[in-house]
Amino acid sequence: MESLSSKTLPQGKVLWLTGLSGSGKSTIAALIQNHLIELGRCPVMLDGDQIRAAIADPHWGYDNESRLIGSYRYARLASLFSSQGHIVIVPTISMFHEVQQWNRAHTPGYFEVYLRTMEQTRRSRDPKVLYRQQKQGQQQEMAGMDLHIEEPLTPDLLIDNDGDQTQIAIVANLIIDAFLNTPCTGQSGGQI
């Protein structure tokens, strides 16, 4: 009997959507996932909050060290699923240069999108009420506010995502087109 490892699997791809809380990562990721399903594909979604809930590690906090460990967890899971031929969507903050570099070195088909969003826009969206809590002193370890982040240096696609809800589908379609039609070479792509 032929083993799975000896068979040629289709190459998977990883769509790494990064940006701060309120940048639109999860909303856009869900639209992309639905579009890929409509195309007859079955993408794997590795949403940061869902992975945290599934792993349920009581020692996995929100400080920089814990966030770095979590980012590597997302990266390694994405690489694993991609190596098995899956399209993987990862909406995550994960703004660590070393993780981005690890992804490029270890994940064939890696495509990084940075959803850059102004603080004013993120505060107005505030989907998890984190900015309100941070302003009231209840949120002490918020990436980009209390904790330093490392913005991606060479994303394959950089999108300034400060539009309203009517722009979300347009942004998702731009990402889908770039992701599916651009070879993932690890080189910096473009800006929108």
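Q: How many bridges join strand β1 to β4?
A: Five bridges join β1 (residues 13-18) to β4, and the two run parallel. Strands are DSSP runs of E of at least two residues, helices are runs of H or I of at least four, both numbered from the N terminus, and two strands pair if DSSP finds at least two bridges between them. This is a predicted model: local features need pLDDT of at least 70, side-chain atom pairs count only at pLDDT 80 or more, and totals for chains, interfaces and linings use all residues. Residues are numbered from 1 along each chain as its sequence is written, and side-chain values use heavy atoms, with hydrogens and water left out.

Q: What stands opposite V14?
A: Y110 in β4.

Q: Is β4 buried or exposed?
A: Six of the seven residues of β4 (residues 110-116) are buried, so the strand is largely enclosed by the rest of the structure. Buried means under 20% relative accessible area, exposed over 50%, partly exposed in between (1.4 Å probe, protein chains only).

Q: How many aromatic pairs are in the whole structure?
A: Four. Rings of Phe, Tyr and Trp (its six-membered ring) pair with centres within 6.5 Å; planes under 30 degrees apart are stacked, over 60 edge-to-face, the rest tilted. One of the pairs is W16 with Y110, tilted, at 6.2 Å centre to centre and 55 degrees between planes.

Q: Which strands hold W16 and Y110?
A: W16 lies in β1 and Y110 in β4, so the pair ties together parts 94 residues apart in sequence. W16 is buried at 1% relative accessibility, and Y110 is buried at 3%.
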